[in-house]
Structures are given as structure tokens and as C-alpha cells.
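Student: I have a new model open and would like to learn how to read it. Where do we begin?
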Amino acid sequence: MRLFGTNGVRGKVPLEINPAFGHKLAMAIAMCFEDREFLIGGDTRKSTPAIKEAVISALLASGKDVVDLGVLPTPALQHACMVRRRPGVMITASHNPPEFNGIKVIASDGTELMRGDEERIEKAFYSEKYWYVSWERFGEVTRTDYTEEYVKSVVSRVNASLISGAGISVIADLANGAAWRTTPAILRRLGVAQKTINSHPDGLFPGRPSEPKRENLALLMALVREEGADLGIAHDGDADRVIFVDERGEYISGDKILALFAREIVKKKGGGKVVTPVSTSLAVEEVVREEGGEVVYTRVGAPIVARTMREVGAVFGGEENGGYIFPEHQYCRDGGMAVAALLEILAESGESLSSLVASLPRYSQCKRSVECPNAAKERVMDAIASAIDLPKETMDGVKARISPRSWVLIRPSGTEPIIRVYAEGTTEEEARRIADEYARLAEEIVDEVLRHNPEG
Ligand code: MG
């Protein structure tokens with residue numbers, strides 16, 4: 001059975017994720033690494049300390065030493081793993097509601113584990129092939145703080161004096177989450193005038209749900225407008241992602257910022273590769289090509305984007321959900337680094353965020369989902385692929401180009417019994433029309449497959 005999803009092990013506390021589970025999983029993790037020392041960190045959730053201590057206890061009793069870095073963003077822990085060449089364990093459920101938690105394993109180069117390594121851990125977990133070492137070989141735990149090193153590293157990657165001279169003001173919504181110390185410190189170090197909301201660590205997430213969706217950011221959007229700030233910043237719970245609000249208080253979708261970063265970085269480098277999943281807006285491909293660069297597409301998921309970036313020597317990569325990867329800092333989504341990088345673009349251009357976004361090509365996306373039993377997914381996807389008579393590729397689901405400026409992507413969800421339909425066109429109306437047409441096609445095919453085999 002599979003424990004690890006696209007972003008570690010996740011579930012509800014205490015039924016699925018609890019200290020006993022954490023202890024057992026950490027025993028399995030310890031068996032799969034030869035490294036003598038682990039780094040560990042966590043988010044601000046109520047259940048995080050209990051699960052973290054259970055993980056630490058298992059690592060120590062397996063003969064590992066542990067350095068506990070306390071509450072910090074996932075990218076800060078990944079950075080520590082990369083710099084110190086140690087594997088790590090992060091206790092977080094990212095943007096999920098407060099009753100969830102999760103365990104994410106970091107390789108000793110700071111990247112997320114490859115699927116093969118996760119399988120080894122799963123095997124040890126289910127076969128219970130782990131044991132305590134003899135008493136004199138139990139490990140030791142030390143507790144230290146990594147905030148300052150992470151903040152310093154982020155700040156060193158941008159032109160701090162240019163940014164501090166630009167007179168930028170921001171409002172940052174920290175989601176009562178893991179960025180509560182790091183992002184304010186980055187802003188302070190960059191000489192940016194800041195006001196913060198939801199800025200104390202609180203595992204009940206009293207301010208807003210921790211997913212930075214438009215409907216959760218009403219307060220931030222209103223405050224940016226009322227205070228006349230230049231920018232609004234909103235992290236998810238573990239601050240590997242960030243969403244921005246422009247100076248008019250408008251929510252800017254993550255794919256626009258992805259295109260903006262891609263354009264500015266490729267322009268500065270005079271070319272280079274940008275890596276992004278097949279679900280990403282054509283706006284990215286268009287701006288990258290205009291600046292003499294090239295887009296490399298991958299399957300959906302941040303770890304595969306990060307890994308591909310390293311393989312092809314990319315200059316930038318990311319996803320439309322606010323996950324941006326800056327390879328000169330590290331090969332993982334990094335919310336703090338993205339904040340600093342956007343401030344640098346604002347300072348260099350002297351333009352407002354809304355006018356920078358307005359200069360990007362205009363596209364609209366529309367998503368639909370169609371119910372489909374997990375067991376029928378493979379046959380449904382095969383039938384969809386043969387039903388679509390357009391130029392297509394099947395890296396992840398089926399993606400078909402409808403015109404030079406529109407496409408549809410149909411792919412099965414990895415976690416739910418649904419098939420997702422993503423469509424993009426140059427207007428909202430066009431995207432909706434394409435999404436509806438292909439959702440209808442998918443529905444018909446699901447019905448037909450189930451008619452022939454009602455079990456799925
Ligand atoms: Mg996250």
C-alpha cells in the first residue's frame with residue numbers, strides 16, 4: 001500500500017496521523033538512511049509538537065542524532081538539509097485544514113525524496129523491518145534555530161540595496177503559519193515597510209484557512225487597498241508557496257506571477273530553460289520564447305519539476321499554485337525566496353505590480369472534474385486518448401493542442417475518484433467552452449466504460 005502522496009504522508013489527526021504512527025514511520029525512515037544525523041522541523045499546527053517528539057524519539061532509539069530546528073518553513077528546513085548535507089523530516093500538512101498533519105522526508109541534498117526511496121520506506125514500514133539499537137548507541141538531540149541562516153541566504157540572492165531604496169510597502173498575511181518569523185525578517189532586511197496580519201503562530205488558524213485562495217484573502221486584499229500598499233503577500237501554512245496581491249488589492253493568480261518570473265529571469269540570463277508542468281498556462285511558453293528561452297514540460301508535481309530543473313540546468317521553474325523554484329537558491333519551492341525575487345523585479349522596473357502583470361499575454365483557464373471510479377481510470381484514459389483526433393501528447397494524462405493559443409488537458413486525479421479537465425484559451429468564454437466540451441466527452445466515455453464493466 002502507498003503511504004506517500006505527491007507531498008509526503010498526510011492525513012487527519014488523530015485517526016490517520018498520530019504520535020504512534022509518526023514513531024513507526026520514523027523507525028522505517030531511520031532504517032533507510034545510512035546518515036548518522038537528521039534535521040527536523042515543523043509547522044505551527046497544534047499536533048505538530050506531539051508528532052515531532054514521537055519522530056525524534058524513534059530516530060534517537062534507532063541510533064540517529066537529531067538537530068531540531070523548531071518551527072520553520074519547509075523550504076528553510078530543505079535549505080538546512082542542503083547546506084549541512086543531512087536528511088530531514090518536516091512535520092507539516094502545508095495548506096490543509098488544522099485537523100490535518102503530515103510527515104515529509106527530505107533527502108540530504110535538500111530535495112524531496114524520489115519515489116524509489118519512498119517505496120523503500122513503505123516496505124520497511126509495512127514489513128516492520130526496524131529495531132531499536134542497544135542503549136549505549138541511542139542518539140542525542142540538540143535544538144537550535146535556523147531562521148537567521150535562511151533569511152541571510154535569501155537576502156544574499158537579491159539586490160538588497162536596490163530594493164531598500166525603492167520605497168516599497170507591503171502587507172504580509174502569514175496565515176498564523178511557519179513563516180511568522182522568516183518573512184517579516186526578510187522584509188526588514190530588505191528595507192521594505194511592512195505591516196503583517198495573522199502573524200502570530202497559532203495551530204487553530206484563527207485568521208484564515210491556510211490555503212492562499214482568493215476567497216481566503218479578502219482581508220489582505222481590502223487592507224492593501226485601504227493602506228495604499230504596493231503589494232500584498234500571502235503564504236500557505238508551511239510557506240513553500242506564496243500568492244501576491246497587487247497595489248489595487250487585486251488577487252493575482254499564480255500562473256501570472258510564474259510567467260512574470262520566467263520572463264524576467266530568462267531576459268536577465270539572455271536565454272535558458274524554464275521547467276513547468278503540462279498544466280501551466282501558454283503565457284509562460286510565450287514570454288520565455290520571446291526572450292530567447294525554452295520551456296521544458298513535466299508531469300504535474302513540484303518534486304518532478306525540481307528534479308527536471310536540475311537535470312536540464314534550468315534557470316527557473318514552478319507551478320501555477322504559487323510554488324516557485326529558484327535554482328541558484330535551492331531546488332525546491334521557496335515562498336521566502338519568491339517574496340525577495342518579486343520585490344527585486346518591482347524595484348528594478350519601477351513599475352507597479354498591476355502594470356507588470358498587464359504586460360503579460362492574456363490567457364484564461366477553466367477546470368472541470370468528472371466522476372470516475374479509480375478502477376476504470378486507465379481504460380477511460382485510453383478511450384479518451386483515441387477519441388481525440390488532434391495533435392496530442394501523453395506525458396501526464398492527454399494534452400491536446402486545439403489551436404496555437406488553446407489546449408485541453410485531461411488527467412486522472414492521483415487521490416480522488418475523478419478525472420480532471422483543464423482548458424486554456426485567450427478568453428474566459430473560450431476556456432469555459434473547451435472545458436465543457438471535453439468534460440462532456442469524458443462523461444460519455446466514463447458511462448460507456450462502466451456500461452461494459454459496471455465494476456469499473
Ligand atoms: Mg505548502
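Student: This is a predicted model. Which residue is the bridge partner of Val275 in strand 14?

Tutor: Val275 has Gly317 as its bridge partner there. Now widen the view to the strands. Strand 12 covers residues 272–277, and strand 14 covers residues 316–318. They run parallel and are joined by two bridges.

Student: What is the order of the strands in the sheet?

Tutor: Read across it: 13-12-14-15. That makes four strands in an open sheet with mixed pairing. The edges are strand 13 (293–298) and strand 15 (324–325), and each pairs on one side only.

Student: Which strands does helix 10 touch as it packs on the sheet?

Tutor: Helix 10, residues 282–290, touches strand 12 and strand 13. Its direction makes about 150° with that of strand 13.

Student: Helix 11 comes next. Which of its residues are buried?

Tutor: Start with the general idea. An α-helix has 3.6 residues a turn, so residues three or four places apart point the same way. Now the case here. Helix 11 spans residues 302–312, and its buried residues are Ala302, Pro303, Val305, Ala306, Thr308 and Met309. They pack against strand 12, strand 13, strand 14 and strand 15. After the helix comes Gly313, with a positive phi near 65°.

Student: And helix 5? What do its buried residues pack against?

Tutor: Their partners are helix 3 (74–84), helix 6 (160–164), helix 7 (182–189) and helix 12. Helix 5 covers residues 147–156. Its buried residues are Thr147, Tyr150, Val151, Ser153, Val154 and Val155.

Student: How should I read a nonpolar core?

Tutor: In soluble globular proteins, nonpolar side chains tend to be buried together. Here the largest nonpolar core has 72 residues. Phe261, Phe316, Leu343 and Leu353 touch the most other members. Helix 12, residues 335–349, gives the most to this core, with 10 residues.

Student: Which residues is Leu353 in contact with, beyond its neighbours within four places in sequence?

Tutor: Among them are Leu231, Phe244, Ile252, Leu260 and Leu346. Asp246 and Glu247 are also included. A second, separate core holds 32 residues, including Val55, Ile56, Val89 and Leu113.

Student: Is Asp240 buried or exposed?

Tutor: Asp240 counts as buried, because its relative accessibility is 3%, and buried means under 20%. Asp236 counts as buried at 1% relative accessibility. Asp238 does too, at 1%.

Student: Where does Asp240 lie?

Tutor: In the loop between strand 9 (231–235) and strand 10 (242–245). Leaving out residues up to four places away in sequence, Asp240 touches several others, including Pro75, Ser94, Lys104, Arg333 and Asp334.

Methods:
Residues are numbered from 1 along each chain as its sequence is written. This is a predicted model: local features need pLDDT of at least 70, side-chain atom pairs count only at pLDDT 80 or more; totals for chains, interfaces and linings use all residues. Side-chain values use heavy atoms; hydrogens and water are left out. Two strands pair if DSSP finds at least two bridges between them. Contact means heavy atoms within 4.5 Å. Axes are lines fitted to C-alpha atoms, for helices over the stretch in contact, and angles run from 0 to 180 degrees between N-to-C directions. Buried means under 20% relative accessible area, exposed over 50%, partly exposed in between (1.4 Å probe, protein chains only). A nonpolar core is a set of buried Ala, Val, Leu, Ile, Met, Phe, Trp, Tyr and Cys residues joined through side-chain atoms within 4.5 Å.
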